[in-house]
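Please walk me through this structure. Start with one residue, then widen the view to the chain around it.

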Amino acid sequence: MTKAHGMNNQLKVLRAMRNWSQAELADRLDVSRQAVNAIETGKYDPSLPLAFKLARLFEMPIEEIFDDGFEGSNHD
Amino acid sequence: MALKDQTMTDAGKTTKRPMSLRRKRYLIAVGFSVAIGGIIGIWSRTVSPDVPDTAFLFLGNPALTASFAIGASLLWAIGLAIGIPLFHRAVDDHEERALLWSGLAAWYGFAFAAPVWWLLHRADLVPPVDAMLLFAGSTIVNVIVWLWFKFR
């Protein structure tokens, strides 16, 4: 799990489960590879539209991909 | 996006992914900007062959011909008017954030330097304010911050 600005995300794990490269995920999201890398390494929190795009792509609720660390926010 | 055309190989590597519309737009915008800069640069060399280099031509304030000054100004202004919307239609969230911060940093750089230079000049402590040096300085700040946010 990657931590950024208090925000954690599962992007790297989800991508690895699908055997996708960063470039391939970037293409599927129509963003740059740098954007995917920055989200994965916690240097950038995506906008709400991009977070929704990720949720649709991985067919998961946003809160299962991103976790702000607030107790009770994780829906596992 | 035509993802069905993509062929999965091993370890997530793919072959022949079609270029996305966003990337095409990005490359067109960058190519267009480079072309405008190139035309101005090459043109400047032909009208001022005695000036040692192009950077000095623009930052060192040697005399320019009227035709070049008007033509290059029009190219610059029209080029920016076309290139900026092209570019901003092609950037993603991540780069947009990099651009916002780099633009702000460039403005702060200008806001620090310009009044200080102007005040010191008013007391005859430094040469007159040079707008192009301020522009060059804030552009350098802009590029450094953009690179930091985009590629760190």
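R22(B) sits in helix α1 of chain B, residues 21–47. Helices here are DSSP runs of H or I with at least four residues, strands are E runs with at least two, and both are numbered from the N terminus. This is a predicted model: local features need pLDDT of at least 70, side-chain atom pairs count only at pLDDT 80 or more, and totals for chains, interfaces and linings use all residues. Residues are numbered from 1 along each chain as its sequence is written, chains are lettered from A and ligands numbered from 1 in the order in which they are written, and side-chain values use heavy atoms, without hydrogens or water.

R22(B) counts as buried, because its relative accessibility is 10%. Buried means under 20% relative accessible area, exposed over 50%, and partly exposed in between (1.4 Å probe, protein chains only). Leaving aside residues up to four places away in sequence, R22(B) touches D30(A), V31(A), S32(A), A90(B) and D92(B). A contact means heavy atoms within 4.5 Å. A polar atom of the R22(B) side chain lies 3.2 Å from the backbone oxygen of A90(B).

Now move to helix α4. This helix spans residues 93–122 of chain B and holds F112(B). F112(B) is exposed, because its relative accessible area is 65%.

Step back to the chain. Chain B has five helices and two strands. Their order along the sequence is β-β-α-α-α-α-α. Of its 152 residues, 25% count as buried. Among chain B contacts between residues at least 6 apart in sequence, 58% join residues at least 24 apart.

Definitions and conventions:
A polar contact is a pair of N or O atoms within 3.5 Å; within protein, one must be able to donate a hydrogen and the other to accept it, and residues adjacent in sequence count only if both atoms are side-chain atoms.
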